[in-house]
Amino acid sequence: MKKITSIITVCVLLSSTGYIYAENNQQDLNNKLSENREEQGTLDKQIGSLDSKIAEIEKNIESSNDEINKLDEEVEDTKAEIQELEGKISENEEALGKRLKAINSNYSMGFVKVILSSSSLSDFFNNIYIVKQVVDQDKVLLKELDVNKSEIETKEKQLEDKKVKQEELKMALEKDNQMIESDKAELEGLKDKLTKEEDDLESEISKLAAEAAAKLAAEKAAQDAQNSQNSQNNNETGAVISSGSWPVPGYSRVSSPYGYRNHPILNRQEFHTGIDIPAPQGTPVTSFDDGKVIFSGVKGGYGNTIMIQHDDGKVTLYAHNSALTASVGDRVQKGQVVAKIGSTGMSTGPHLHFEIRINGSHTNPMNYL
Ligand SMILES: [Zn+2]
């Protein structure tokens, strides 16, 4: 039976160490997880602002396209106008050519033939005069048409220039858009990575939590076994469990008892390894019993901590203090001030976290107070 008990004690010791390690690791993972989520939030904001930039550029490209289409239509209209004018010009040139030819042939016919073909001499001169007037009018019209044509050609050239500029603008916008799209793709890649990391962290945390819960259950079973063994031993020897003194004189309320509870900071079900006694900052913290200080300093989430080894082998622990008034190696007496109440380490307000450890395992302090 004694052998079994010592094996259980070793197991409890090992699992306690494992538990502390697991808790630190879990906190580390929780920190990483919240960092990850913060980074994801920042990326979401950046992607959102790129999206609105892209939407704006796409709107500009669309209006640029509209402008180009409008210019295309105008160029087409102008071309049609030019074609029409060219048709008129060639028609007029043709008519003018015919008339000039007619006049030349009339002149070459010679005087007699003109006389003969005209009913009278005055009729002949009249004919010549009318032809000449028509020819002059044709020439004026042709000149006007040429002027019109060159004006419209200038307009066409201006429209073409405008279109080229508009197309350049559109190309620049498309280039901008491409760059922003590639930035966005890069950010989205980063976010994918973070999401994957988040999943990994979450599964690792839940794995650790499950492991910790299993260890705590084993620890509790071992503790129960040891407790029954202790009471059996006590019954055999007739020894009485010694009572220590309350570690925060004048403040008797326990805000959080020993056992399973929802952790106030980590917000998950956990085993509370001691009792919490709230008191104002600076209130004296006193030694549970006579003993020797074996630790005085900062101890992780415990903050400023004192540990005292008592003469019967029990170790008491006093955590979250604002000041420590005993040093390692000091001999202290029952009720002697060893620290001042504070809220250092993982704590939500000034209180003493008080633990009793027997053979390295924490036990319910209320059984000894
Ligand atoms: Zn506590």
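The exercises below work through a predicted model, each with a stepwise solution.

In this predicted model, local features need pLDDT of at least 70 and side-chain atom pairs count only at pLDDT 80 or more, while totals for chains, interfaces and linings use all residues. Residues are numbered from 1 along each chain as its sequence is written.

**Exercise 1. Describe the overall make-up of the chain.**

Step 1: the secondary structure comes to 3 helices and 12 strands, where helices (H or I, at least four residues) and strands (E, at least two) are DSSP runs numbered from the N terminus.
Step 2: of the 369 residues in the chain, 15% are buried; a residue is buried if 20 or more other C-beta atoms lie within 10 Å of its own, exposed if 12 or fewer, and partly exposed in between, with C-beta atoms placed from the backbone.
Step 3: for contacts between residues at least 6 apart in sequence, 72% join residues at least 24 apart, a contact being a pair whose C-beta atoms, placed from the backbone, lie within 7 Å.

**Exercise 2. Locate L33 and find which residues it touches.**

Step 1: L33 has its place in helix α1, residues 2-108.
Step 2: L33 counts as partly exposed because it has 17 C-beta neighbours inside 10 Å.
Step 3: not counting residues up to four places away in sequence, L33 touches E198, L201, E202 and I205.
Step 4: L33 and I205 are 172 residues apart in sequence, and their C-alpha atoms are 9.4 Å apart in space.

**Exercise 3. Work out the strand order of the open sheet that contains β10.**

Step 1: this open sheet of 3 strands has the order β4-β10-β8, with antiparallel pairing; two strands pair if DSSP finds at least two bridges between them.
Step 2: β4 (284-286) and β8 (323-324) are the edge strands, each pairing on one side only.
Step 3: β4 pairs with β10, residues 337-340, in the antiparallel sense over 3 bridges, and K340 in β10 is the bridge partner of P284.

**Exercise 4. Identify the central members of the largest nonpolar core and the surroundings of Y318.**

Step 1: a nonpolar core is a set of buried Ala, Val, Leu, Ile, Met, Phe, Trp, Tyr and Cys residues joined through C-beta atoms within 7 Å.
Step 2: the largest one has 20 residues, of which V285, I306, Y318, V338, A339 and L352 touch the most other members; β3 (275-278), β6 (304-310), β7 (315-321), β10 and β11 (351-358) each supply at least two residues of this core.
Step 3: leaving aside neighbours within four places in sequence, Y318 is in contact with P247, V285, T305, I306, V338, A339, L352 and F354.

Methods. Contact = placed C-beta atoms within 7 Å.
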